[in-house]
2 protein chains.
Amino acid sequence: MAARTPPGQTRRQVLRFMRERLIAGRPPTVREVQEAFKFRSVQSAREHLEILVEEGKLTKEPGVSRGYRLPGPPLIPPFAPVPLLGQVQAGALTEAIEDPDGGYIGVQSAGSNDDIFALKVTGESMIDAGILPGDVVIVRCQPTADSGDIVVALVDGEATVKLLKKRRQRVELHPANPAFEPIVPAPGDLSLLGKVIEVRRYLEK
Amino acid sequence: MAARTPPGQTRRQVLRFMRERLIAGRPPTVREVQEAFKFRSVQSAREHLEILVEEGKLTKEPGVSRGYRLPGPPLIPPFAPVPLLGQVQAGALTEAIEDPDGGYIGVQSAGSNDDIFALKVTGESMIDAGILPGDVVIVRCQPTADSGDIVVALVDGEATVKLLKKRRQRVELHPANPAFEPIVPAPGDLSLLGKVIEVRRYLEK
DNA sequence: TTGAATACCAGACATTTGTATGGTATCCAA
DNA sequence: TTGGATACCATACAAATGTCTGGTATTCAA
């Protein structure tokens with residue numbers, strides 16, 4: 001028999017292990033849990049897992065392989081890597097996404113992540129909206145947006161973050177900083193990249 | 001025999017199906033693919049899958065159940081789930097972390113994620129630091145912090161986000177909003193939970 | 001016309017994997 | 001002491017699942 005551990009200690013680690021695997025999209029089998037914890041019996045792993053289910057820390061679909069899940073209802077969206085872009089020049093969006101200079105960061109999104117990218121913000125034009133220089137905005141590509149949305153658009157060949165406002169027949173790109181002027185593109189001349197769905201600020205590396 | 005479909009058409013849909021399931025963290029079995037496409041033979045599903053692997057559209061771990069994977073970008077950053085807390089009462093931090101009411105969010109961190117949690121911000125006291133109500137701050141637990149760090153501390157039995165400033169012999173908790181007053185705890189009476197290492201704002205569900 | 005390529009089917013087999021039953025050892029409280 | 005609770009082990013069985021062999025029908029190009 002293996003060393004007996006204090007009550008609950010191994011179980012906490014099993015839960016951690018499960019969370020990592022499940023979030024990574026690779027639900028483990030009971031025997032993989034056994035392996036990971038060097039149990040000499042499958043049943044040891046199974047007992048921990050079943051107890052975690054009873055405690056509500058996990059759920060499972062009985063009978064199906066790799067059937068343990070993280071409990072909802074707050075459905076935990078999966079992570080997927082999205083490209084982090086630095087500077088984006090006009091027209092070069094596709095290539096920039098293919099080979100991002102900033103690497104990838106993880107985003108949780110309900111739908112597909114194919115049309116999502118991240119962009120590092122330069123400039124202080126959105127400071128009153130709580131978007132500071134160096135912040136990262138996460139953008140879902142879409143050709144249109146609603147009034148009031150924070151969007152990323154190409155202005156003078158560069159990607160900028162602005163507040164979109166619809167006025168009568170035209171759209172305007174408003175900064176959130178009194179020191180900057182609104183941008184009013186000619187009708188039909190707005191190249192919208194997408195809508196900002198998340199803002200992140202990394203304070204420490 | 002089922003209807004014969006044009007070349008490549010079914011396969012594209014199989015790939016779509018696989019992507020959805022894999023992104024959702026629930027890799028399907030061959031037979032689940034068979035079911036989804038109403039194949040009358042397992043082999044039909046398997047052939048599509050194997051061809052997708054040959055084409056590089058999928059990868060797989062042979063022999064393991066639910067072994068098909070997305071080919072990834074080469075380096076998938078290490079995500080780990082971190083508990084998202086709502087309101088934190090004094091002393092209840094440990095329990096709140098064990099059983100978070102906000103579920104989990106994914107964080108990429110250099111070190112261990114054991115001592116990291118996330119907290120939903122209420123109130124406008126940090127608005128000038130670009131932290132708005134509803135934002136999520138990600139916190140590394142640590143007993144001390146440097147002057148100038150944004151920290152989470154227990155004030156009147158509740159967790160609050162403030163800017164830490166060290167003045168001579170004492171520390172002060174400064175809001176980033178002129179409408180609020182600094183908090184000056186009695187010396188040695190500061191219960192620091194940790195330091196804010198990241199800020200997030202979710203603009204869209 | 002022939003043969004290769006594609007899409008699919010049928011049935012079987014072997015491995016992986018979930019599940020069950022019963023056992024040993026340690027701790028702790030009544 | 002006694003009994004329960006906890007942690008772990010050994011082994012077996014059945015269901016789920018990956019894999020294989022061989023087959024039919026359709027399309028298309030040589």
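I began with a salt bridge in chain A: the side chains of Arg21(A) and Glu32(A) meet at 3.3 Å, N to O. The model is a predicted one. I noted that this pair links distant parts of the chain, with Arg21(A) in helix α1 and Glu32(A) in helix α2 (residues 30-36), eleven residues apart. I looked up burial next. Arg21(A) is buried, at a relative accessible area of 16%, while Glu32(A) is partly exposed at 26%.

I then turned to chain B. There Arg21(B) forms a salt bridge with Glu32(B), and their closest N and O atoms are 3.3 Å apart. Arg21(B) sits in helix α1 (residues 9-23) of chain B and Glu32(B) in helix α2 (residues 30-36) of chain B, so the pair ties together parts eleven residues apart in sequence. I found Arg21(B) buried at 18% and Glu32(B) partly exposed at 25%.

I went back to helix α1 of chain A and checked its packing. The axes of α1 (residues 9-23) and α3 (residues 42-54) of chain A come within 10 Å and cross at roughly 80°. That makes α1(A) roughly perpendicular to α3(A). I listed the residues that meet: Thr10(A), Arg11(A), Val14(A), Leu15(A) and Met18(A) from α1(A), and His48(A), Leu49(A), Ile51(A) and Leu52(A) from α3(A). By class, this contact has six nonpolar, two polar and one charged residues.

My last entry is on Asp149(A), in the loop between β6 (136-141) and β7 (150-155) of chain A. Asp149(A) is buried, with a relative accessible area of 13%. I saw that its side chain reaches the backbone nitrogen of Asp146(A) at 3.0 Å.

Technical notes: Residues numbered from 1 in each chain as written. Chains lettered and ligands numbered in written order. Predicted model: local features only at pLDDT ≥ 70, side-chain atom pairs only at ≥ 80, totals over all residues. Heavy atoms only, no water. Axes fitted to C-alpha atoms, helices over the stretch in contact; angles between N-to-C directions. Helix = DSSP H or I, 4+ residues; strand = E, 2+ residues; numbered from the N terminus. Parallel < 35°, antiparallel > 145°, perpendicular 65-115°, else oblique. Contact = heavy atoms within 4.5 Å. Nonpolar A, V, L, I, M, F, W, Y, C, P; charged D, E, K, R; others polar. Buried < 20%, exposed > 50% of the residue type's maximum accessible area, 1.4 Å probe, protein only. Polar contact = N/O pair within 3.5 Å; in protein donor to acceptor, adjacent residues only side chain to side chain. Salt bridge = Lys/Arg side-chain N within 4 Å of Asp/Glu carboxyl O.
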